[in-house]
Amino acid sequence: MKTGIDSIAFSTSKYSLNLDVLAKKRNVAREKYYLGIGQTKMSIFPPNEDIVTVAIDAARKVLAQIEDKNDVDMLIFATESSFDLSKSAGIYVHKFLKLRDDCRVFDVKQACYSAAAALQLARFYVKDNPNSKVLVIGSDIIRYLPETSGEPTQGGAAVAFIVSKNPRILEVEPCFGVHTVDVADFWRPVCLKEALFDGKLSAYNYLRSLDICTKRYFEKSGFSSDDIDHVCFHAPFGKMARKANNQSFNSKTIEETLVYNSLIGNSCSASLFISFISLADNFGGDLTGSRIGFFSYGSGSVAEFFCGVISENYKKMLTADDNKIMLEEREDISFEEYESLYKEEFCDFRAYKNIGSVTLSGVDNNKRVYGNIEKCENSFAGF
Ligand code: HMG
């Protein structure tokens, strides 16, 4: 049975910081960010938006593409940015999407790798339950300390996709190459809001893992790089994906995979799948029948390489114009606003716009309170 991605969408914050602005304030040549790192903007999240609200927006777009949302009987929420060590972020999403109450909901975590793990889990589940659809969400927001080398690679977004039989976008093939090794290259202690990292070690281990995963994949599949038409990478910043591509594939379409991530920044679990949406939206020709490689890397570390084949009529499932408008319509904020949001000095939950129709309206006794925006506007405290 063919299984894979049946519909896919992403969402990000309504606000961004242009890296020109950051370069000027940090006294760094803009070329370092634009060319050396390969990023031009990063999404900045206001207090009313978090991994849940942006995930709901992405998930609503994919649910709109399936006939009956009651076919969804499992929701896997992949994140490394959770605000709760116990309750799944997916439960809030389940509520606002009004999914059936016998739908299994849980979070998975392994840095940026988690959504790729969720995709594989979902496929295994659909093979046993062919009429089921699984909603997979990867949603992350990443902060580094100001004035560190990671600062221009902050960002955030959510991707959502439906995994089913006879997928209309991508049939994921069964072969994979995985590599797991304990490395202290990037970590997010629960007492901190910022991620800590060893930049050089993380880049080294990313490329080493790519080498090991692809060798394992080629050995198992009997394929060589000539059998793969295009490759999408986890893109913590554009240059990392370009280096990975130069090392292992030299695919001509690397630039098409980076269009969206270069404007969003690192979206961790969502990043690899946004590379894929970017390729599908921005590739000039027809990808039908093409074999696409996927390299997922999550610090710590687990990495995986696998492939999928593009389905006939996949173009009917794309929302390229909407994706471009979403990114173009973001508002660029000033450096002062960026600093103030970073320090959480300005915590007016009503002062900023949301990407979708659900907002984080406050935190009451450490409990997060979400609401539908129209209701919030009419009666802010009362929903
Ligand atoms: P840095 O210290 O700023 O790097 O850190 P650099 O000084 O080596 O400069 C970067 C590049 O800019 C170099 O090019 C310079 O030559 C170039 P390269 O040698 O790499 O080709 N450069 C210039 N180019 C043009 N004009 C100029 C100029 N000046 C310099 N004027 C680094 C950069 C990305 C390492 C840092 O941002 C960092 O550590 N980020 C955080 C960690 C990270 O993203 N690691 C990536 C791999 S790990 C991963 O992907 C997992 C992750 O997503 C987390 C998870 O799994 O959850 C992070």
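N323 is buried, at 3% relative accessibility (buried means under 20% relative accessible area, exposed over 50%, and partly exposed in between, with a 1.4 Å probe and protein chains only). The model is predicted: local features need pLDDT of at least 70, side-chain atom pairs count only at pLDDT 80 or more, and totals for chains, interfaces and linings use all residues. Residues are numbered from 1 along each chain as its sequence is written, and side-chain values use heavy atoms, with hydrogens and water left out.

N323 sits in helix 11, residues 320–328. Helices (H or I, at least four residues) and strands (E, at least two) are DSSP runs, numbered from the N terminus. Not counting residues up to four places away in sequence, N323 touches F10, Y260, I277 and D281. Contact here means heavy atoms within 4.5 Å.

Y260 belongs to the loop between helix 8 (254–258) and helix 9. Y260 is buried, with a relative accessible area of 1%. Its contacts, leaving aside neighbours within four places in sequence, are F10, I274, I277, S278, D281, N282, A320, N323, K324 and L327. Y260 and I277 stand 17 residues apart along the chain, and their C-alpha atoms are separated by 8.5 Å.

S269 lies in the loop between helix 9 (261–264) and helix 10 (271–282). S269 is buried too, with a relative accessible area of 1%. The S269 side chain reaches the backbone oxygen of A78 at 3.4 Å. A polar contact is a pair of N or O atoms within 3.5 Å; within protein, one must be able to donate a hydrogen and the other to accept it, and residues adjacent in sequence count only if both atoms are side-chain atoms.

Helix 1 spans residues 19–26, and its buried residues are L19, L22, A23 and R26. These residues lie on the same side of helix 1, because they cover an arc of only 100 degrees around the axis. The arc is that of the directions from the helix axis to the C-beta atoms. The cover over the buried residues of helix 1 includes strand 2 (15–18), helix 2, strand 3 (41–44) and helix 12 (335–342). At the start of helix 1, a side-chain oxygen of N18 comes to within 3.1 Å of the backbone nitrogen of D20. After helix 1 comes N27, with a positive phi near 60 degrees.

Helix 12 also holds E337. E337 is partly exposed, with a relative accessible area of 30%. Its side chain makes a polar contact with the side chain of Y352, at 3.2 Å. E337 and M1 are 336 residues apart in sequence and 51 Å apart in space, C-alpha to C-alpha.

Backbone geometry comes next. Most residues other than glycine have a negative phi, and most peptide bonds are trans. N166 is not a glycine, yet has a positive phi of about 40 degrees. N166 is placed in the loop between strand 7 (155–165) and strand 8 (170–180). N313, also a residue other than glycine, has a positive phi near 65 degrees. The loop between strand 13 and helix 11 contains N313, which is partly exposed at 47% relative accessibility. A cis peptide bond joins G300 and S301, with omega about 5 degrees. S301 is in the loop between strand 12 (291–298) and strand 13 (302–310).

D226 lies in the loop between helix 6 and strand 11 (230–233). At 69% relative accessibility, D226 is exposed.

Helix 2 (30–37), helix 6 (199–221) and helix 7 (238–248) each give two or more residues to it. The largest share, 5 residues, comes from helix 6.
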